[in-house]
Amino acid sequence: MTPAARIATAIEILDAILAGAHAEQALTSWARRNRFAGSGDRAAIRDHVYDALRCRRSFAAMGGAEAGAAGTGRQLMIGALRAADEDPAAAFTGQNYAPAALSEAERAALPDLPSHDDLPELVALDCPDWLEAPLRAALGGDFAEVMSAMRSRAPVFLRVNLALTDLAAAQAALEAEGILTEPHPLASTALEVVGNPQRIRNSAAYRDGLVELQDAASQAVVEMLPLAAGQRVLDYCAGGGGKTLAMAGRCKARYYVHDVAPQRMRDLPARAERAGVKTTILRTTEVAQAAPFDLILIDVPCSGSGTWRRAPEAKWTFTPRRLEELVRTQREILDTVKDHVTVGGHLAYTTCSLLEEENGAQIRAFLAHDTGWECVNERRLTPLDGGDGFYMALLKRR
């Protein structure tokens, strides 16, 4: 595919997303219908789509959309080209599967369209209006810098499985297959991939369990957990089990996993076997029977606002009502698991959110209501630290 044909395809997929399709589903659906497209084509199209979603508000404005409008796929890609200091007319030719040539009206409007520097602050930062107040309250003076960072692609990180190897050996194994990495200061197990990330899943290091894909902020949170050999540890909102595997890579304990949607854990047995880790999967009805636990980790459902670089469409579909629902769910989970922790044990509350309503405010409300607990550690991470936005409060039961 030519570069212009890739842009035309990105426009088609963006229009589907703007009409309500999920980004991954829209990309996958297109790829299945167009098997002629090579891996390079698919990767380039994916980059166009996700770059446009991260910067949807600014690209739409720079592409000619009316103020406040989400724009069309065509306007988003015109804005993307202008943001990259490229002439849209060079790609919009209508030839060889390129997007239709610019209309007379589009050509006439181009000189008067705003540059990124001319945009209002929230538009330039690609921040939804309603999120300005809660994000400013949570981020303080870092608001603009964090939101600006969220407009860019997230780094790719690997977690080194210390149960099987060490950082230097993992790096060497990856480099032997052309995958270049650098240690990242956010976590002692973190490697940032700086060359050939597309080779990771087919590499021997990944296949043999030496490394796992995991954000550095998530790894940093795991390093804060008070793990000890022989402990009974429950990952209550396990999802795919990444944090369980990270904990097991640090310490040999008895690990239990649970998720209200068990299908999220379907790949965990194979991943655990690859990593040399033993876990016990608990159904919801079995959690109380297996209690008490020395440590319970609850990575609760949240806005995911700290990961919007990776899932940018969520930034535009998130609503105040959804935030209220999530806060209620988080409180319910805290109330559900608190009695399953042994006296003197720990409860680790984590989110991949930047919003204080889901983070510190949630913990303050819990401690005000449940006086048998104390907060012994707390950490907030933003993309300025290098990884995703993350929050962790470590609570101890008296």
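Colleague: How many of the 8 residues of α13 are buried?

Modeller: In α13, 7 of the 8 residues are buried, so this helix is largely enclosed by the rest of the structure; buried means under 20% relative accessible area, with exposed over 50% and partly exposed in between, using a 1.4 Å probe and protein chains only. Please keep in mind that this is a predicted model, in which local features need pLDDT of at least 70 and side-chain atom pairs count only at pLDDT 80 or more, while totals for chains, interfaces and linings use all residues. Residues are numbered from 1 along each chain as its sequence is written, and side-chain values use heavy atoms, with hydrogens and water left out.

Colleague: Which residues of α13 are the buried ones, and what do they pack against?

Modeller: The buried residues are Ala-216, Ala-217, Ser-218, Gln-219, Ala-220, Val-221 and Val-222. They pack against the strands β1, β3, β9, β10 and β11 and against the helix α14, where contact means heavy atoms within 4.5 Å. The names come from DSSP runs numbered from the N terminus, with helices (H or I) of at least four residues and strands (E) of at least two.

Colleague: And which residue caps the N-terminal end of α13?

Modeller: Asp-215 caps that end, with a side-chain oxygen 2.9 Å from the backbone nitrogen of Ala-217.

Colleague: Switching topic, which residues have the most contacts inside the largest nonpolar core?

Modeller: Those are Leu-225, Leu-227, Met-247 and Tyr-255, in a core of 36 residues; such a core is a set of buried Ala, Val, Leu, Ile, Met, Phe, Trp, Tyr and Cys residues joined through side-chain atoms within 4.5 Å. The elements giving two or more residues to this core are α13, α14, β6, α15, β8 and β11, and the largest share, 5 residues, comes from α13.

Colleague: What does Leu-225 touch, leaving out residues up to four places away in sequence?

Modeller: Leu-225 touches Met-247, Arg-250, Leu-295, Ala-348 and Met-392. Apart from this core lies another one, of 31 residues, among them Ile-13, Ala-26, Ala-80 and Leu-113.

Colleague: How many cavities of 30 Å³ or more turn up in the whole structure?

Modeller: The search finds 1, and the largest cavity has a volume of about 50 Å³. On a 1 Å grid over the protein atoms alone, a cavity is a set of points where a 1.4 Å probe fits but cannot get out, and lining residues have an atom within 4 Å of a point. The lining includes Gln-219, Val-222 and Glu-223, as well as Ala-246, Gly-249 and Arg-250, and at least two lining residues come from each of β1, α13 and α14.

Colleague: Last one: where is Ser-305 found, and is it buried or exposed?

Modeller: Ser-305 is found in the loop between β8 and α17, and it counts as buried because its relative accessibility is 0%. Its side chain makes a polar contact of 3.0 Å with the side chain of Ser-303, and another polar contact, of 3.2 Å, joins it to the side chain of Ser-353. A polar contact is a pair of N or O atoms within 3.5 Å; within protein, one must be able to donate a hydrogen and the other to accept it, and residues adjacent in sequence count only if both atoms are side-chain atoms. Not counting residues up to four places away in sequence, Ser-305 touches Met-150, Cys-352, Ser-353, Leu-354 and Leu-355.

Terms used
1 Å grid on protein atoms, 1.4 Å probe; cavity = no way out; pocket = protein on both sides within 12 Å on 5 of 7 lines; lining within 4 Å. Points joined across faces, edges and corners; volume = space filled by probe spheres on them.
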